[in-house]
Amino acid sequence: MKIPFEKLDKAFENRLRLQIMSILVVNERYDFNSLKELLDASDGNLASHLKALEKEEYIVVHKSFLGRKPNTNYEATDKGRKAFKQHLDALEQIIKNQKTK
Amino acid sequence: MKEQDIQDELISIRSMMERSSKFISLSGLSGILAGVYALIGAGLAYSLIYSGDGFFYTRDYLIADDNVTQVELLSKLIIIALVVLALSLATGLLLTVRKAKQKGQPVWGSISRQLLFNMVVPLIAGGVLMLILLSRGYLGIVASASLIFYGIALVNASNFTFKDVRYLGICEILLGLLAALLPGYGLLFWAIGFGVLHIVYGSIMYLKYDR
């Protein structure tokens, strides 16, 4: 039986990116520090993966100021939501195939 | 990619979705204890109000008529209510902080802030309205109004935590409306709403999520 690995999104191969996306699809916006706290990731690591998702146009960045402190918020784009859903569908498909084997 | 990897992947997705959008550190035990405090408070209030004969008869309005004891009694009742409220909040806070630590969820994150904001708005509106009503002598409406506004606060806040909170809120609202239909039985409804319902809800939460 053919397993649709090619349907899995390369952008979500990394666990952290997938987790970032999971958070952004259920929340309208999420800020950098809350993401950091929830994911228990380092600044650099988180920033580089956010950058990668931004490059894919899966998320958009909103920069603003809270008083004097910079506050960076992230939001999933429609493209990102679609890609995330397809990725989940593909994962589901793989599991189904393995069950029936 | 092996099946185990995919399972792990799915588990992590699910946990992130839940932990990022819902405050899952509410403690069921604190609900039970809040209910117990409320029942004790209601018992004390009952013994203060209904020292005379009769069972559950409509003394709410009798208090309002009797100017000598009214102020003293009312201030005692308010003190009882405030002590119950303070104890419940302190217990809730303590147990929630403890559970949040266990779950590795920040106590003061964006979710708990939204939860609190959504809860506080109806509570303040209701609280101020009740103070206005009290100052005008409408004692009978207080039990009903407090239940209804508390219920609205819960329904409002339930978007950010377990869905069970929504059902508790709906029950409180219904009970509040019923209390408005039967003035004079305020204390009884109050004891059911804040006492019994909290114990039931707390037990369900405890069995479902705490263990």
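## First stop: charges on chain A

Select the charged side chains of chain A: 19 are positive and 15 are negative, and the centres of the two sets lie 3 Å apart. Lys and Arg count as positive here and Asp and Glu as negative, while His and the chain ends are not counted. Each charge is placed at NZ of Lys, CZ of Arg, CG of Asp or CD of Glu.

Before going on, please note that this is a predicted model, in which local features need pLDDT of at least 70 and side-chain atom pairs count only at pLDDT 80 or more, while totals for chains, interfaces and linings use all residues. Residues are numbered from 1 along each chain as its sequence is written, chains are lettered from A and ligands numbered from 1 in the order in which they are written, and side-chain values use heavy atoms, with hydrogens and water left out.

## Second stop: the whole of chain A

Now show chain A as a cartoon. You will find four helices and three strands, arranged along the sequence as α-β-α-α-β-β-α. Helices (H or I, at least four residues) and strands (E, at least two) are DSSP runs, numbered from the N terminus. The C-alpha trace of chain A spans about 60 × 25 × 20 Å along its principal axes.

Accessible areas come from the Shrake-Rupley method with a 1.4 Å probe, and for residues only the protein chains shown count as cover. Of the 101 residues in chain A, 46% count as buried. Buried means under 20% relative accessible area, exposed means over 50%, and partly exposed lies in between (1.4 Å probe, protein chains only).

Select Asp40(A), in the loop between helix H2 (32-39) and helix H3 (43-55) of chain A. Is Asp40(A) buried or exposed? Asp40(A) counts as exposed because its relative accessibility is 70%. The phi of Asp40(A) is near 55°, a positive value in a residue other than glycine. For background, most residues other than glycine have a negative phi.

Then move to Glu57(A), in the loop between H3 and strand E2 (59-66) of chain A. Glu57(A) is not a glycine, yet it has a positive phi of about 65°.

## Fourth stop: where the chains meet

Show both chains together. Here 24 residues of chain A are in contact with 18 residues of chain B, where contact means heavy atoms within 4.5 Å. Which residues of chain A lose the most area to chain B? They are Arg15(A), Leu38(A) and Ile95(A), together giving 27% of what that side buries. Between them, chain A and chain B bury about 1,800 Å², with 66% of it on carbon and sulfur atoms. Buried area is the accessible area (1.4 Å probe) that two parts lose on being put together, summed over both.

A salt bridge is a side-chain nitrogen of Lys or Arg within 4 Å of a carboxyl oxygen of Asp or Glu. The count between chain A and chain B is one salt bridge.

Hide chain A and look at chain B. It has eight helices and zero strands. Buried residues make up 43% of its 211 residues. Chain B exposes about 11,300 Å², of which carbon and sulfur atoms supply 71%. Among contacts in chain B between residues at least 6 apart in sequence, 78% join residues at least 24 apart.

- Ser30(B) lies in helix H2 (residues 28-49) of chain B. Ser30(B) counts as buried because its relative accessibility is 9%. Leaving aside neighbours within four places in sequence, Ser30(B) is in contact with Thr91(B), Gly92(B) and Leu95(B).
- Lys103(B) is in helix H4 (residues 67-103) of chain B. Not counting residues up to four places away in sequence, Lys103(B) touches Arg19(B), Ile24(B), Ser25(B) and Tyr209(B). Lys103(B) and Ser25(B) are 78 residues apart along the chain, with their C-alpha atoms separated by 7.0 Å.
- Tyr206(B) is in helix H8 (residues 186-210) of chain B. Tyr206(B) is partly exposed, with a relative accessible area of 32%. Tyr206(B) and Gly31(B) are 175 residues apart in sequence and 8.8 Å apart in space, C-alpha to C-alpha.
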